Amino acid sequence: MQEEIDLILDDAKERMAKAIEHLDNELGKIRAGKANPKMLEGILVDYYGSMTPLSQVANLSTPDPRTIAIQPWEKQLIGEIEKAIMAANLGFNPDNNGDIIRINIPPLTEERRKDLVKQAKSECEDAKVSFRNTRRDCNDELKRMKKDGLSEDLEKDAEAEVQNITNEYVKKVDAMFEVKEKDILTV
């Protein structure tokens, strides 16, 4: 029985860690007024007939806090990269000089900053909902095991451990949100 309980707890930790990883990716996409190559994650470029991530066909860098530079490994890809950036509808205007594509990141207005904080808070709340769903699933599994002969003390201890794991991950999300909020609101 203890092995099954350990499996349930390990599963809970794994699912919550994946939610944290997803949250980290989503928060990385929310721009904070500073140029960051992560903003271009998910952009696919038509590379000889197959859709390829931008980071696999070009070098992405940030020469200064307001600019993203994209240096394609093959010059003939510049047009395709430019089209892909425009099609991604991220609100960027790529500037092509024939060798490098530059994207200037405009400074954020106060209103836009507040909207981005709300968006970040929403992403964090989604992660917390995921944690609560995981906790519920684990507790349901423990209740089912109790019907199959698990002692009440073991069930209560395991439920307390699931709650501790949940609290630990909620604290991580809160910390991530504080860092992102500070990042967004810093002018």
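Start by selecting Asn 139, which lies in helix H3. Helices here are DSSP runs of H or I with at least four residues, strands are DSSP runs of E with at least two, and both are numbered from the N terminus. Is Asn 139 buried or exposed? At 16% relative accessibility, Asn 139 counts as buried. Buried means under 20% relative accessible area, exposed means over 50%, and partly exposed is in between, with a 1.4 Å probe and protein chains only. Now show what Asn 139 touches: Glu 159 and Val 162, not counting residues up to four places away in sequence. A contact means heavy atoms within 4.5 Å.

Before you go on, keep in mind that this is a predicted model: local features need pLDDT of at least 70, side-chain atom pairs count only at pLDDT 80 or more, and totals for chains, interfaces and linings use all residues. Residues are numbered from 1 along each chain as its sequence is written, and side-chain values use heavy atoms, with hydrogens and water left out.

**Stop two: helix H1**

Select residues 2–29, which make up helix H1. How far apart are the end C-alpha atoms of H1? They are 41 Å apart, which agrees with the 40 Å that 28 residues should span at 1.5 Å a residue. (The expected span is 1.5 Å times one less than the number of residues.)

Next, colour the buried residues of H1, including Ile 5, Ile 8, Leu 9, Ala 12 and Met 16. What covers the buried residues of H1? The cover includes helix H3 (110–147) and H4.

**Stop three: the partners of H1**

Show H1 and H3 together: they pack at an angle of about 170°, and their axes are 10 Å apart. That makes H1 roughly antiparallel to H3. Axes are lines fitted to C-alpha atoms, for helices over the stretch in contact, and angles run from 0 to 180 degrees between N-to-C directions. Angles under 35 degrees count as roughly parallel, over 145 as roughly antiparallel, 65 to 115 as roughly perpendicular and the rest as oblique.

H1 and H4 pack at an angle of about 10°, with 11 Å between their axes. So H1 is roughly parallel to H4. The residues of this contact between H1 and H4 divide into 14 nonpolar, 2 polar and 5 charged.

Now zoom in on Leu 154, which sits in helix H4 (residues 152–185). Leu 154 is partly exposed, with a relative accessible area of 32%. Which residues is Leu 154 in contact with, leaving aside its neighbours within four places in sequence? They are Gln 2 and Ile 5.

**Stop four: a hairpin**

Select strand E1 (residues 44–47) and strand E2 (residues 50–53), which pair in the antiparallel sense over 4 bridges. Two strands pair if DSSP finds at least two bridges between them. Asp 46 has Met 51 in E2 as its bridge partner.

Click on Tyr 48, in the loop between E1 and E2. Tyr 48 is exposed, with a relative accessible area of 61%. Look at its backbone too: Tyr 48 has a positive phi of about 50° although it is not a glycine. Most residues other than glycine have a negative phi.

**Last stop: the sheet**

Select strand E3 (residues 58–64) and strand E4 (residues 67–72), which run antiparallel and are joined by 5 bridges. A hairpin links E3 to E4 through 2 residues. Check two pairs here: Asn 59 stands opposite Gln 71, and Leu 60 stands opposite Ile 70.

Widen the view to the open sheet of 4 strands, in the order E3-E4-E6-E5 with antiparallel pairing. Which are the edge strands? E3 and strand E5 (94–96), since each pairs on one side only. From one strand to the next, the twist averages 25°.

Finish with helix H2 (residues 78–87), which lies across E3, E4, E5 and strand E6 (101–104) and runs at about 165° to E5.

Definitions and conventions: Nonpolar A, V, L, I, M, F, W, Y, C, P; charged D, E, K, R; others polar.
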